[in-house]
Structure formats: C-alpha cells, structure tokens
Amino acid sequence: MTEIPEDHPRYESLLTRHRIEEGVEKGITSKQGLIAQGRGEAFDYLLGERTTESAAEAERAAAAKLLLADHAVLSVNGNVAALVPGETVELAEAVGADIEVNLFNRTEARMQAIADHLHEHGAADVKGLAADALIPGIDHERAKVDEDGIYDADVVVVPLEDGDRAEALAEMGKTELVIDLNPMSRSAQTATIPIVDNVIRAVPNMTEYARELQNTSREELEAIVAEFDREEALEAAERAIRQGDLD
Ligand code: ATP
C-alpha cells in the first residue's frame, strides 16, 4: 500500500480509500462497495470526519445493548471486512457476539474470501457460509442467513446495510444497531439505535464503551439504552450535516 504521511490533512479518508481499493483487489469488496464508499465519504466530509456528540451517545447505548443481548451478531459485508476486520473481531470479543458474513451481492467466492480475511485477523468462528435459513420478505439470495446466527439473534449490528434487508430484519423483531453515515437512509431510519458515524471510528468506539461498561449492572445498562433517543440522534446528525461548519 502507498505510504500516506500521518499528518496529511485527509489521512483518514485516504487510508479508508486505500483499504477499500485493496478490498476490491482481494475479492472482498464489490464494485458496488466502491460506490457505497463514495456516498459515505461525502456524508463524512460534511460531518467534519469526526464522531459527533450524539454519535458517541449512540455508540455507548449500542455497547450497552450488546452487553444485554442474549445472542448478538455483528453482520459483516465487503466494505466492513476491508475497513475494520480486526476491530470487528475485537468488538465481538468484548461483547461476546458472533460474526456473520452477509452480502448484498452474494457469491460463494466472496463469502469465502471475507471469512478467510476475518480468520487472518483473529476471528475464531465466522458464520454466514451455512446459509440454512431465510429472512422472510426479501428475495432468495439476499435473504440467506445462518440459522444459528442472524436468524436466531435478538440483537444485530448492521453496518452499511441496505434498506430492504434492514426493514426485513426489523419485521422479524430484531433489535438493529445500524452504523450508517447517512441519517436519512432507510437503514438508519429503521434502526433501534442509529449510529451516524464512519464505521472506522464507530466500531473501535463501541469496543471501548463495552470495556468500560463490562462490570455495570443490568439495571444501569438498561437505563443507558432507555435514555437514548433515536429521533433526537437522527435529527442531530441531519442538523450537523446540513449546517456543518467546515473550517
Ligand atoms: P438505503 O437503502 O438504506 O436508503 P442506500 O441504498 O442509499 O441505503 P447504499 O448505497 O446501498 O445505501 O449503502 C451505502 C450506505 O453506507 C450509505 O448510506 C453510506 O452513507 C454508508 N456508508 C458508506 N461507507 C460508510 C462508512 N465507512 N461508514 C459508515 N457508513 C458508510
């Protein structure tokens, strides 16, 4: 990978681009993933490429919800695998969640490449390859999940999920923690906890909060989740994007 000096003003953004490019070269990220990346970058630029106060609150509430879950699953697509493979494994370990590969354009080769990539980054078990259950209400290929993974989960973290599937998972009664830089996307609008932040900041932040909250009582964790106001978080994110101060 080309060296980018860390003091470059757009260091993080350039690093992200390189990781996505590498992801495409390795067969992990799809070409559509490149387009998704472009959309995300535009929103991130308007947010000032930082975690806003309200996103940090959402990340803390999400960490609390993950610690309270009976069966949490972190869904991983081609962009997430390219951008935050090791960080996803760390979050899964911190909250005791499963990791499941879930693709919009599912091909067995890409599923396997992502599972291998996650194993290389320390994942012990990666779900998604069995594909022995279907999410009701969406077309067959995109509906495939593991019966002992997302199908069974009560809490699912869905970064960069497409709107249809986010809606279908919500219909199944799942608590969805959505990481998406666009607060107006259907996924963010569907989420129990919308996290409007770049996945490269959101995932490590959630791990940090989860570690901080590890010995917190269930009552306190429940209070943190209850205090979180999803409407207010979505409004705050949209305000930050529309009125962003870019200096
Ligand atoms: P929806 O159907 O939910 O309205 P969409 O079809 O508009 O979504 P896609 O283009 O399929 O969305 O998915 C890309 C989404 O992921 C965009 O909303 C984009 O802002 C977001 N995104 C892209 N890169 C990142 C990133 N690194 N971190 C967080 N979100 C990202």
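Two residues are in contact when heavy atoms of theirs lie within 4.5 Å. In this predicted model, R10 touches Y45 and E49, with residues up to four places away in sequence not counted. R10 lies in the segment before α1 (11-25). Its relative accessibility is 30%. Buried means under 20% and exposed means over 50%, so R10 counts as partly exposed. R242 is 232 residues away from R10 in sequence. In space, the two are 21 Å apart, C-alpha to C-alpha.

The chain as a whole was examined next. It contains twelve helices and seven strands. Its radius of gyration is 17 Å. The globule rule gives 18 Å for 247 residues, and the two values are close, so the chain is as compact as a globular protein of that length. Along the principal axes, the C-alpha atoms fill a box of roughly 50 × 45 × 35 Å. Of the 247 residues, 54% count as buried. Contacts between residues at least 6 apart in sequence were also considered. Of these, 64% join residues at least 24 apart.

T175 belongs to strand β6, which covers residues 175-179. The relative accessibility of T175 is 16%, so this residue counts as buried. Its contacts, leaving aside neighbours within four places in sequence, are K65, D154, V155, V156 and T192.

The crossing of α5 past α10 is left-handed. From α5, the contact uses E87, T88, E90, L91, A94 and V95. From α10, the residues are V203, P204, M206, T207, A210 and R211. By class, this contact has seven nonpolar, two polar and three charged residues.

Helix α10 also packs with helix α3 (residues 53-68). The axes of α3 and α10 come within 8 Å and cross at roughly 55 degrees. The two helices are therefore oblique to each other. Their crossing is right-handed. On the α3 side, the contact is made by A56, E59, R60, A62, A63, L66 and L67. On the α10 side, A202, N205, M206, Y209 and A210 take part. Nine of the residues in the contact of α3 with α10 are nonpolar, one is polar and two are charged.

Helix α3 contributes R60, A61, A64, K65, L67 and L68 to the contact. Helix α11 contributes R218, L221, E222, I224 and V225. The residues of this contact divide into seven nonpolar, no polar and four charged. K65, one of the α3 residues in the contact with α11, is also among the residues that T175 contacts.

Key:
Residues numbered from 1 in each chain as written. Predicted model: local features only at pLDDT ≥ 70, side-chain atom pairs only at ≥ 80, totals over all residues. Heavy atoms only, no water. Left-handed = near helix turned anticlockwise from the far one by under 90°. Helix = DSSP H or I, 4+ residues; strand = E, 2+ residues; numbered from the N terminus. Nonpolar A, V, L, I, M, F, W, Y, C, P; charged D, E, K, R; others polar. Rg over C-alpha atoms; globule rule 2.2 N^0.38 Å. Buried < 20%, exposed > 50% of the residue type's maximum accessible area, 1.4 Å probe, protein only. Axes fitted to C-alpha atoms, helices over the stretch in contact; angles between N-to-C directions. Parallel < 35°, antiparallel > 145°, perpendicular 65-115°, else oblique.
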